[in-house]
Structure formats: C-alpha cells, structure tokens
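Hello,

Here is the structure I promised to pass on. Have a look at it first, and my notes follow below.

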2 protein chains.
Amino acid sequence: MTDNKRFLLRRRPEGAPVETDFELVSDAIPAPPAGGFVLHNHFASLDPAQRGWMDDAPSYMPPIALDDPVRATTVGQVHASDHPDYAPGDWVMGLNAIEEYSVVVPDGFTAKVDVSAVDSPSRFLSAFGAVGLTAYFGLLEVAKPQPGETVLVSGAAGAVGSVVGQIAKIHGCRTVGIAGGPDKCARLVERYGYDAAVDYRGKSAEQLADAIREVTPDGANIVFENVGGTVFDAELMNLAKHARIVLCGLISEYNSETKHGARNLWQVLAQEATLHGYLISAYVDRFAEGGAQMAKWIASGEVVMDEDIQHGIDNAYPAFMRLFSGANTGKLILALD
Amino acid sequence: MTDNKRFLLRRRPEGAPVETDFELVSDAIPAPPAGGFVLHNHFASLDPAQRGWMDDAPSYMPPIALDDPVRATTVGQVHASDHPDYAPGDWVMGLNAIEEYSVVVPDGFTAKVDVSAVDSPSRFLSAFGAVGLTAYFGLLEVAKPQPGETVLVSGAAGAVGSVVGQIAKIHGCRTVGIAGGPDKCARLVERYGYDAAVDYRGKSAEQLADAIREVTPDGANIVFENVGGTVFDAELMNLAKHARIVLCGLISEYNSETKHGARNLWQVLAQEATLHGYLISAYVDRFAEGGAQMAKWIASGEVVMDEDIQHGIDNAYPAFMRLFSGANTGKLILALD
C-alpha cells in the first residue's frame, strides 16, 4: 500500500449528512513529524459525537475543519516513527481521523495498548475504549445508583446503553430499556439482562410515556439519556422524586436544524430532579481504573459488549449513517485494513 | 362582616386563565374545627405556582379541587379558635386559600408570626416568606455562588429575581438580569444593583442570546431561571463550562398547553452544565435560619424587596393575571381587608 485514503469533510451538513458532504481522496503516505509518528489505522470508531463535530457551533471541541478528514478515535500500528517511545509495529489508540494513515504527535488521548490480551484490537474502541467507560463513569460516578433503584435507559441496545443496563444490574438496580423495534427489545432482555423493554417505534410521546409507566409505575430514579426528542419527553413524564438524569447524548437531534429539546422540562422542576450534562472527557484521568474493572467484567462474562464492524474506508459514509437509522446493534466500528 | 367571600376554581383553565374559570361566592363565616381555628386572612400571596396547581397534572402537590377556593399562602389573624396555641387576634401565616376566612388545622406550613417588628404583615409573604427564601436557598444552597462568578437571572425584576441579584452581589458575584421593557431594566440596575440588564422584549431567542453575550462574554457560571421559553433558550447559548442552572420557575409556560421546554438542551451537554429542579419546600426546616439572615439584610438596607399590593378579593382575577402580563414589579400580594 503506497497511498493513504482519507475521508474528508468537504461541506458542513445541513441536517442529515449526505454523501456529497464528504470526499474520499488518496494522498501519499506522510512522513513522521519531528517528535511524532505515523499511525496505520486498523479500526476507526463511528460515534454520534462526530456529527456534532461537523457543525460550526459552540461546543466542547472545535469543529472539524473543512477539507480535513473526519475526526475519529482510531486504533492501529505505528508505521514510521520519530518518537523514542513509539516503535514501528506498536499498537496505539488515539483521537485521529478516518484515514488509513494519521500523523500523530502524542497528546492526552494517545495511548499504547496491549493487544495480546484481547481477541481483537477493536476492543479498544468498544469495551476498553471511551464508549464502555462512558457507560461506566456516567452511571457510577454521575448517577450513583443505589440497590433497588430503577434505571431507565434510552438507546438501550446501543453501544453505551447496552453496557449501562448491565452495570446497573451488577449494582442491584432494576433496569428498563427503550429501543426501536421488537428485535432490539428482545435483545435488551435476552442478551443485556434488562428487566423490561419498551419499543418507541410508532408511538407518540404520550403513548410512549404510558408504555413506560406500565413497566415503571413508581417512576425512574435514574434516567440515562442517549437519544433526546420525544423519547426524552416521554421519560420526563416518568421521573421518581429527586431523579438523577445523565444527559449523555441526543442522537435524535444531531441531524435536526431545529432542535426539539426537552419539552417536558417542567417535570424536572416538579420532581426536583437533577440533569447532568456529561462528557466522558471529564474522566480521562481515571480511564485506567475504569478500564481495569471493565476488563474483569468482560473476562468473567458479567458484561457483554457487542461490536457492529463495517468494512472498508470506501464504506465510511453508509457505515456512519447506520448510527442514525438505528441499524447498528452494539458499538459501530469501521475496519480500515 | 358576616360573610366570607371566597375565590373558587370552577373550571380548569385551558391555557391562560379566563375570568369565568373562577367564581366569587359569599358563604357564611365557618366555625372553628375541632383542634383548629378560623383565620381571618389579611393578605394572600399571588404566585406563578398557583397556575400549576390549577391543572390536573402530576406535580409536587395535588391540584386544587374544582369548586375549592384557589390555594394561596396567606397571613392574617385568628378569628375564632378551638386550639390552645392559637388565640383570637394572633397573627398566623400558612398555606390556605384566597378567601376572607380559612378553616385551619395547623400543619407544617402553619406558623405564628411576630408582626411587631415589621412595617406590614404582608412582609411575611415577601421578604420573610417563601418568596424571599426561594431566592436565598436557591442561590446559596443549590447554585453555591463563588466570588467573581457571573450570575444570570431571568424574571430579574420579579419577586424572586430581584432578591437573587442582590444576594449574589453580597456574595461578590457579577449579576446580569433579564426583564421586559426599559423601565424594568433601569430598575434592575438602579434599584437592585444588577451590573447589567438585558431587555427580552422584541427579540428572538437568537437576538436575545446575542444581547446576553454582549454583556456576558465569558458565559454565565450560574443561571437562575424563573421564566423558561425563548428566554431560557437564549440563556442556554451563554453557559460557561460547568454552569449550574437553578430551575426555579417557568412562568412563560404555565398558560401554554403545548410546552416550549428547553430547545437548546444540547448546550447543557456541551458545557457539562447541571440543571437542578428546585422547590422551596425542600428547605422548610431551615426557614428560621434563612429568615433571620433575610431580616438582617432587609433591616440594614442591603436587600430591598418590593411589594406590588393589589386591593380587594373582588380584584383577585385581574390581580393574579398581572403575573403573566409582567405588570407587577416586586412581590404580588392581594390585600383582602
């Protein structure tokens, strides 16, 4: 391989991204920079957050610059290096981009990983990566679940939601998951151990609120929110007093130019609930601790984390769009090699 | 006076209350109940929360029953008693109703008050009542302001907002108030010591967000929310990282059948903000402590709290509606005698 295929952002999407917002180009494989290295990316993480990075709006990170490749967490092997700590062949993960080769000057997101203990290096983008830890720290440190509490999770069949439910069960909670369609709902109960599943498809916010109430008559003590929109509206009508809401993601909003927001905000007031805006970046300095616990649970089988691996950088656009159609089950990852 | 005029809820309002949702009736003055007393109400508090109590919706208190008088905090004198601790002539405040005479069996809201130290018993519905303490505990205990922080307040010329700004200044904060119209905005700066005032009238959410940004370039560390709607949307575009939002009231929503909610909810996520649903009832057991501090500040002139006193139970409907037109400046109170 002598060229470097790269998936560039050419235009800021208006609403749902279209294929022509991006362009796949072939550049020469770069040389390592002074004090850095070139990483041959094997896997790239596809995450809802990337949609936000494509907008030119105030957020927690600068937007992806036009004509830059789409920012992504990747895992791969050092191809060539000018850094004493990174030798060719070393496995590394970091915040790079959807491209076959990335120029890396190590920063806080760069970490060497030991692939000998895992069945696939992609695990570092799922169970041992930011996604598994998003579930871990969001539930345990932000929501602080107590045994016997009810935890309501949206996007419950997704990468984060499936793990939130399992960790909540380990902590003695009752879990109720919301997902789209009967197959995903069956999966919630059978594979992720949810006590109850609610299908949001074909329901108004009011109908969904009623369906949640049927299986959550005393209200949710914790809401772990990945979706937003009418799903969140329905959840808000089912809060227990002093509920804690972890606002982790709003995937239903990312492609909308008019924001739906939280229509039933008044319930936060009436139930004296607390809503926490949560980014995993707040816990980067505790990744080793969380990763060690996740590794134990994965090894013992107490937590399963599924991966939905799509192949080839040529498929970057349709693979990414699986996030928004709800087609993916488990962590969506693009295999580049 | 031999009759008891009472302001009854006859029909649940749809949207903005209309006069025919209520009826003023004259009943006989009741006899004291066993273990209770009859209170001659001198002043009744008119609060946005009363609008919520008129709806048959899940909330922190049961709705006002149809054909009951409109629930209100009142202050008055014992008229006749069958309770050893309450003698005729004693001044008492409590959660009663808009009526000249209330039957009271003392509960957690009932308290004898010493009117000798105040210029008007109405003070127990403003500075020393739940409203002054809503500002006090909401700012100091929920938001926990630090010197040098910026506190953004909506409804800043209102009963709660005007006091929030003054307490924030005492604690070394910079204060920015939002109100409707140039007169109220001038009052914010001149009378309540706000560092800056922003007029929301005639502005879209986006224009208001820009106007707030001009005087709050680094964002608000604390948002004290009394209004909701597009005002809240604009505030959310001006959060500092890790902002704390005290959700105290949503007066712009109470008459709407379709809820506007928080359209820019995603900013809570992007700025890792926390939103606290706040009811003063959580602090009832600390009213003595808060009231003592408020009394000191009022006596020293460090805090001023204005009252907008409307007269006569016959005026209960138009007086109540002043809350929603924004006509009131300061705490709205109905004098019944």
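Which residues of chain A does UniProt list for "domain: Enoyl reductase (ER)"? The unreviewed entry gives residues 44-334; such annotations may be inferred rather than shown by experiment, and the positions follow the numbering used here. The end C-alpha atoms of that span lie 5 Å apart, and the span is 30% helix and 24% strand.

A word on the ground rules. This is a predicted model, where local features need pLDDT of at least 70, side-chain atom pairs count only at pLDDT 80 or more, and totals for chains, interfaces and linings use all residues. Residues are numbered from 1 along each chain as its sequence is written, chains are lettered from A and ligands numbered from 1 in the order in which they are written, and side-chain values use heavy atoms, leaving out hydrogens and water.

Now for chain A as a whole. Nine helices and 15 strands are found in chain A (DSSP runs, H or I of at least four residues for helices and E of at least two for strands, numbered from the N terminus). The C-alpha trace of chain A spans about 60 × 45 × 35 Å along its principal axes. Of its 337 residues, 57% are buried (under 20% relative accessible area, with a 1.4 Å probe and protein chains only).

In chain B, look at helix 6, residues 229-236: seven of its eight residues are buried, so this helix is largely enclosed by the rest of the structure. Among the buried ones are B:Val231, B:Phe232 and B:Leu236, and also the acidic B:Asp233 and B:Glu235.

Enjoy exploring!

How values were computed
Buried means under 20% relative accessible area, exposed over 50%, partly exposed in between (1.4 Å probe, protein chains only).
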